[in-house]
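Welcome, and please take a moment to look around before reading on. The report below walks through a helix pairing and some charged contacts.

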Amino acid sequence: MTTSRIPQLLRQHQAALLDAWVKAQQAALTLRRDLLSDADLRIQSSDFLRSLTEACQSGDLGDIQGPAWAEVREFLSGVSGSRASQGFSPAETATFVFSLKQPLFSLLRREVAEPAALVEETWTATVLLDNLGLHTVDAFQKSRESIITRQQQELLELSTPVVQLWTGVLALPLIGTLDSARTHVVMESLLQAIVDTGASLAIIDITGVPTVDTLVAQHLMKAVAAARLMGAECVISGIRPQIAQTIVHLGVEMGSVLTKAKLSDALALAFQRLGLAVAKAPGRA
Amino acid sequence: MEVRRIEALPIRSSDDVVRVRRQAHNWASELGFSPVDLTKLVTAASEIARNTLEHGGGGSARVEEVRRGVRVGVRLTFEDQGPGIADIAQAMRDGFSTRRGMGLGLGGAKRLVDEFEIASQAGAGTKITMTRWK
Ligand SMILES: Nc1ncnc2c1ncn2[C@@H]1O[C@H](COP(=O)(O)OP(=O)(O)OP(=O)(O)O)[C@@H](O)[C@H]1O
Ligand SMILES: [Mg+2]
């Protein structure tokens with residue numbers, strides 16, 4: 001194969017190519033004007049063209065994994081990352097690279113006269129941009145995954161709120177799957193809240209826990225035992241009939257743990273323990 | 001027994017255990033299992049999936065929607081290539097655990113399903129098949 005003219009053409013026609021490319025992107029239906037300003041688009045495009053042109057001068061056009069392409073790859077990963085967090089779709093992100101095809105092909109058509117050479121150059125450009133596009137999609141995917149992992153982590157903390165229902169009474173409404181990681185967070189925040197508030201009674205509500213197996217049961221009993229050591233009694237509420245039946249079949253004995261069907265029953269028990277009575281205000285209907 | 005659909009799932013992490021549980025739950029609820037039957041099946045799935053992960057060192061699960069005559073149900077098969085169980089009767093006994101567990105998983109799962117089969121040998125892995133009918 002003869003040496004490609006693409007590196008030289010990119011260098012010579014960078015400015016014109018940038019204009020044509022930015023126009024093509026602005027015309028594309030996938031451009032998110034709500035998320036990306038024209039000025040930013042132009043800066044991103046011009047930075048990319050510059051780094052692409054540079055990489056072409058020394059690097060192999062057929063292998064973007066080489067060291068000469070490191071900066072281009074990094075740049076595209078950066079674009080993917082910021083677009084992923086801004087809420088672009090994979091297609092909208094990949095369009096950034098793929099939309100360069102048309103203006104680049106036009107440039108080749110104008111500059112490469114010999115038909116066989118034109119076919120060759122167009123093919124080289126196609127493979128190059130496809131590879132860069134795939135890299136972009138890959139990087140986008142990786143960014144999405146790390147965003148999801150981070151959100152899960154945040155959710156983990158968010159979904160274990162300890163609320164004070166009354167002076168001395170805490171409630172921990174558990175929602176979702178109680179895997180080991182979450183149980184750990186849950187238990188810690190409960191014990192911390194007991195220390196902070198000096199609560200004497202904690203209600204662990206499991207209405208939102210879909211499955212109570214031996215592991216979950218064991219975690220719950222441990223939480224109760226630890227709370228006891230801190231001077232607080234626990235009541236487990238929100239035990240639905242199907243959960244109660246299943247626990248019995250499993251053979252789990254809740255032993256000395258106080259249980260109530262509903263959170264309101266548990267709260268009534270708490271008031272009773274504290275020597276409080278809830279009464280209707282006089283003079284009200 | 002006629003198998004109407006199959007889903008194979010790996011068990012390599014606690015997320016996978018959740019996935020197996022969800023798959024069993026989805027198919028059983030599509031079949032119209034009552035809340036109690038559904039909870040029993042899913043809890044049994046959870047126990048054995050976690051044993052596969054923790055004692056068997058990971059393995060695989062197969063969730064199947066099955067039919068026998070007019071009855072429909074969900075069959076779960078768990079397989080691992082782990083250390084196996086030398087004394088099955090002992091492992092099945094309530095309270096027996098080699099890992100500070102409650103020791104209720106195997107016996108409990110058996111009580112929660114309609115059919116339960118275990119094949120295991122020291123050094124040759126473990127295979128457990130269980131079915132709950134609607
Ligand atoms: N897939 C397996 N491979 C090897 N050993 C197993 C397997 N499943 C169970 N066992 C053995 O059988 C024992 C009893 O299992 P079982 O599920 O009843 O209790 P556990 O897992 O120890 O505790 P838990 O009550 O939390 O389930 C285990 O401690 C383990 O030694
Ligand atoms: Mg177990």
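Which residue forms a salt bridge with B:D16? The partner is B:R19, and the closest N and O atoms of the two are 2.7 Å apart. Keep in mind as you read that this is a predicted model.

**A pair within one helix**

B:D16 and B:R19 both belong to helix 1 (residues 14–30) of chain B, and because they are three residues apart there, about one helical turn separates them. How do their surroundings compare? B:D16 has a relative accessibility of 8%, so this residue counts as buried, the cut-off being under 20%. B:R19 is partly exposed, at a relative accessible area of 44%.

**Pairs that reach further along the chain**

Over all chains, the structure holds 15 salt bridges. Among them is the one between the side chains of A:D130 and A:K101, with 2.6 Å from N to O. This pair links distant parts of the chain: A:D130 sits in helix 7 (residues 115–158) of chain A and A:K101 in helix 6 (residues 101–111) of chain A, 29 residues apart. A:D130 is partly exposed, with 28% relative accessible area.

In chain B, the side chains of B:R132 and B:D37 meet in a salt bridge at 2.8 Å, N to O. B:R132 is part of strand 5 (residues 126–133) of chain B, while B:D37 is part of helix 2 (residues 35–54) of chain B, so their pairing ties together parts 95 residues apart in sequence. B:R132 counts as buried at 11% relative accessibility, and B:D37 counts as buried at 16%. Elsewhere, B:R4, B:R5, B:E30 and B:E65 are joined into one network by salt bridges that share partners.

| Salt bridge | N to O distance |
|---|---|
| A:D130 and A:K101 | 2.6 Å |
| B:D16 and B:R19 | 2.7 Å |
| B:R132 and B:D37 | 2.8 Å |

**Two helices packed together**

Now turn to chain A, where helix 3 (residues 38–58) and helix 4 (residues 70–86) pack at an angle of about 160 degrees, their axes 9 Å apart. Angles over 145 degrees count as roughly antiparallel, which is why helix 3 of chain A and helix 4 of chain A are described that way. Their crossing is left-handed.

Which residues make the contact? On the helix 3 side of chain A they include A:L41, A:F48, A:L52 and A:A55, and on the helix 4 side of chain A they include A:V72, A:F75, A:L76 and A:V79. By class, this contact of helix 3 with helix 4 in chain A has eight nonpolar, three polar and four charged residues.

Conventions: Residues are numbered from 1 along each chain as its sequence is written. Chains are lettered from A and ligands numbered from 1 in the order in which they are written. This is a predicted model: local features need pLDDT of at least 70, side-chain atom pairs count only at pLDDT 80 or more; totals for chains, interfaces and linings use all residues. Side-chain values use heavy atoms; hydrogens and water are left out. Axes are lines fitted to C-alpha atoms, for helices over the stretch in contact, and angles run from 0 to 180 degrees between N-to-C directions. Helices (H or I, at least four residues) and strands (E, at least two) are DSSP runs, numbered from the N terminus. Angles under 35 degrees count as roughly parallel, over 145 as roughly antiparallel, 65 to 115 as roughly perpendicular and the rest as oblique. A crossing is left-handed if the near helix is turned anticlockwise from the far one by less than a right angle, and right-handed if clockwise. Contact means heavy atoms within 4.5 Å. Ala, Val, Leu, Ile, Met, Phe, Trp, Tyr, Cys and Pro count as nonpolar, Asp, Glu, Lys and Arg as charged, and the others, Gly among them, as polar. A salt bridge is a side-chain nitrogen of Lys or Arg within 4 Å of a carboxyl oxygen of Asp or Glu. Buried means under 20% relative accessible area, exposed over 50%, partly exposed in between (1.4 Å probe, protein chains only).
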